[in-house]
Amino acid sequence: MSGTSPGLTPPADAKQPARHADAPAPGELLGAHYDQCFGCGGDQPHGLHLAARAGEGVSITAEFTVRPEHQGAPGLAHGGVLATALDETLGSLNWLLRTIAVTGRLETDFVRPVPVGTTLHLAAEVTAVAGRKIYSTATGRIGAPDGPVAVRADALFIEVKVDHFIDHGREEEIRAAMEDPDQIRRARAFEVNP
Ligand SMILES: CCCCCCCCCC(=O)SCCNC(=O)CCNC(=O)[C@H](O)C(C)(C)COP(=O)(O)OP(=O)(O)OC[C@H]1O[C@@H](n2cnc3c(N)ncnc32)[C@H](O)[C@@H]1OP(=O)(O)O
């Protein structure tokens with residue numbers, strides 16, 4: 001990563017991230033936070049169906065298999081879809097902090113093309129926290145956790161109140177998410193402590 005964007009450089013007084021005491025254990029699958037999420041939801045037929053797993057500290061691993069509906073150039077993943085995979089993986093980190101946060105900035109390096117059929121192995125971690133600002137970084141590798149790097153991203157997530165979603169989201173979907181019988185997913189749809 002170039003690291004040149006000032007918006008992605010933690011200030012000198014930034015703190016190390018603290019894994020929440022109730023964070024899922026390392027190795028545990030997180031599951032979808034919202035079944036209509038384009039990144040991870042099971043009810044999105046053309047979505048990424050990305051599966052994220054808690055790691056050590058404040059880290060996540062995730063897998064996403066590129067399907068024909070994710071193409072940009074013939075036979076290759078669309079860059080925006082790859083950015084979505086990075087965004088989703090990075091966003092999942094906030095569940096380990098138990099902080100409600102949204103992406104403010106996402107800078108992506110596309111290092112090599114990703115063919116349809118590839119399983120992208122993503123790894124992300126929070127690097128620093130400063131007030132409402134959460135700094136994180138992610139890598140996506142082709143075919144295996146130690147495969148060639150295809151994409152990298154640095155991100156800044158901004159902590160928000162749950163009102164962010166209530167104020168800006170559509171009432172119909174908010175109500176449906178709040179009525180989700182799955183208590184954990186209902187909480188994670190808004191990234192609130194259950
Ligand atoms: C919910 C479940 C999620 C689970 C995983 C999902 C993964 C996917 C995650 C997403 O894609 S979230 C959807 C995409 N993101 C958005 O829709 C966010 C849209 N943007 C906003 O709503 C607001 O711009 C935002 C909440 C991010 C910030 O507005 P605020 O008015 O709350 O913050 P403010 O402008 O006061 O800035 C707070 C700090 O952040 C900094 N900041 C804000 N936006 C920035 C930015 N874009 N780049 C750099 N710095 C930024 C800002 O400079 C400031 O720094 P200081 O505290 O040091 O002064």
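Helices and strands here are DSSP runs, numbered from the N terminus. With that settled, here's a look at this predicted model.

**Overall build**

The protein chain holds four helices and six strands. Walk along from the N terminus and the elements come up as β-β-α-β-β-β-β-α-α-α. A compact globule with 194 residues would have a radius of gyration near 16 Å, and the protein chain has 16 Å, so the two agree. Along the principal axes, the C-alpha trace spans about 40 × 40 × 30 Å.

**The sheet and its helix**

The six strands make an open sheet, ordered β1-β2-β4-β5-β6-β3, and the pairing is antiparallel. At the edges sit β1 and β3; each has a single partner strand, so one side of each is left without a neighbour in the sheet. On average, neighbouring strands of this sheet are turned by 20 degrees against each other, direction ignored.

For β3, the pairing with β6 is antiparallel and runs over nine bridges. Within that pair, leucine 106 stands opposite alanine 155 in β6. Then there's α1, which packs on the sheet and touches β1, β2, β3, β4, β5 and β6. The direction of α1 makes about 135 degrees with that of β3.

UniProt, in an unreviewed entry, places the feature "domain: Thioesterase" at residues 75-135. In the model, that span is 31% helix and 41% strand, and the end C-alpha atoms of residues 75-135 lie 33 Å apart.

Notes. Residues numbered from 1 in each chain as written. Predicted model: local features only at pLDDT ≥ 70, side-chain atom pairs only at ≥ 80, totals over all residues. UniProt positions renumbered as here; feature names shortened; annotations may be inferred. Helix = DSSP H or I, 4+ residues; strand = E, 2+ residues; numbered from the N terminus. Pairing = 2+ DSSP bridges. Axes fitted to C-alpha atoms, helices over the stretch in contact; angles between N-to-C directions. Contact = placed C-beta atoms within 7 Å. Rg over C-alpha atoms; globule rule 2.2 N^0.38 Å.
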